[in-house]
Amino acid sequence: MKKILTVMLLAVFTATAQGQQANPRLTQLDEYFRQHGYEIRSSQQNWGSGIQCHTGTSHIQLSEMVEENPSPEYLSLAKKREEEKQLLLDSVRIAFAKLGKESKESYMFEYHKDGIDSIKYSYRNSFPDKSQEIASFEFNWAPCKSEDSDKITYMDGEIMYSHFTVIPTGIAQEDMITFDGEAFQAHIQPVMNKFMQLKGAKSYPVHWQHDEGFDNDDDFEGWDHYKKHAGISTGTHYYIPSEHKGEVQTLFEELISVSHDYVNKHPEQFYWIVLDTTIQGSTSSHSIGGLPLIVKGENNKGEDVYYLNCKFEDNAYHIFSYTVKGVGWIPRDWPILKSWINGEKVYLKGRAPKKEKGKK
């Protein structure tokens, strides 16, 4: 837990030698959300006015059914959920109340009536070195009735929390350069070598190519607006069997830490890094949206773009380190493909799907 916490807190404590550190009240609040099961996403990029660090929840939807004749078990569970909700709100309320005394600008609003709760807090602070920090919290909760009855059948609500810092680098926008994918890969290679030492781990070259004019896009999802644009993605696919769950988690945290170390040492290179230490699992989508991002090497000159992605899919862990020229076409069957070139598929050894009986 301490190791995960250390990696996570790096996201909001990142600073140049002259930079302002994040307010510890907010870093504690970030961790409070994590420890209580709320999905917290952390990212960092250095586009525009400096290094930007963002930590926050996605839009969390809340819903709770209301039983007409509640059982003792239901009442006990409802009481526990209500206590947890109030504990969260009290913790956030206290944090923002104290932050307001330290801020350039703050706002606290609450409305409560007949089971309806509406809470909005915000905080903004800026510093002589032009660093700035912004945080906001919003909570809404209300009883809802069914379409054909006046009885309250369920409670509906939402939570949104965001913590954002901007730290100047002192580097002018015109002096920024494209992310050095080769140097980054060399920096993380010692960790990738550790992954490859696990039993059954393998690495494969990948080549995904979609030339302009190729119109049969059955192997892709959601790419209609890119049909006339060419793209080639080349790099390495690292495959690690699921039996190494514990070792993979430890090495993945190390990979995040080493990746973060590289971008912090190179504020002159455009980048975007996601600092979550949880490997995302399978979804119904196998498109590019189904390959969670770790690092994207940004640029502003139309040059090649570097990506580092990781996902748990098909009972294995997959890490992709690759460079995209043009549009990053990634086929739906990426976990089992060695290459895809204008519809021509080459499967990894032993991974080709079995043909259905009766089909040629």
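Residues are numbered from 1 along each chain as its sequence is written, and side-chain values use heavy atoms, with hydrogens and water left out. Because the model is predicted, local features need pLDDT of at least 70 and side-chain atom pairs count only at pLDDT 80 or more, while totals for chains, interfaces and linings use all residues.

**Stop 1: helices α2 and α3**

Two packed helices are described by the angle between their axes and the distance between the axes. Select helix α2 (residues 24-35) and helix α3 (residues 72-100). Helices here are DSSP runs (H or I, at least four residues), as are strands (E, at least two), numbered from the N terminus. The axes of α2 and α3 are 10 Å apart, and the helices pack at an angle of about 170°. Axes are lines fitted to C-alpha atoms, for helices over the stretch in contact, and angles run from 0 to 180 degrees between N-to-C directions. α2 is therefore roughly antiparallel to α3 (angles over 145 degrees count as roughly antiparallel, under 35 as roughly parallel, 65 to 115 as roughly perpendicular and the rest as oblique).

The crossing of α2 and α3 is left-handed, meaning that the near helix is turned anticlockwise from the far one by less than a right angle; clockwise would be right-handed. Now show side chains in the contact (heavy atoms within 4.5 Å). From α2 the contact includes Leu 26, Leu 29 and Phe 33, and from α3 it includes Leu 88, Val 92 and Phe 96. The contact residues of α2 and α3 divide into 10 nonpolar, one polar and two charged. Ala, Val, Leu, Ile, Met, Phe, Trp, Tyr, Cys and Pro count as nonpolar, Asp, Glu, Lys and Arg as charged, and the others, Gly among them, as polar.

**Stop 2: helices α4 and α5**

Next select α4 (residues 181-196) and α5 (residues 245-265), whose axes come within 10 Å and cross at roughly 165°. α4 is thus roughly antiparallel to α5. The crossing of α4 and α5 is right-handed. Among the residues in contact are Phe 184, His 187 and Ile 188 of α4, and Leu 255, Ser 259 and Tyr 262 of α5. The contact of α4 with α5 has 12 nonpolar, two polar and three charged residues.

Stay on α5 and pick Ser 259. Is Ser 259 buried or exposed? Ser 259 is buried, at 0% relative accessibility (buried means under 20% relative accessible area, exposed over 50%, partly exposed in between, with a 1.4 Å probe and protein chains only). Apart from neighbours within four places in sequence, Ser 259 is in contact with Phe 184, Ile 188, Ile 273, Val 295 and Leu 308.

**Stop 3: salt bridges**

Side chains of opposite charge can pair when their charged atoms come close. A salt bridge is a side-chain nitrogen of Lys or Arg within 4 Å of a carboxyl oxygen of Asp or Glu, and the count by this rule is 14.

Select Arg 41 and Asp 276, a salt bridge at 2.3 Å, N to O. Arg 41 is in strand β1 and Asp 276 in the loop between β10 and β11, 235 residues apart. Arg 41 is partly exposed (31%), whereas Asp 276 is buried (10%).

Lys 85 is buried, at 12%, and Glu 82 is partly exposed, at 36%.
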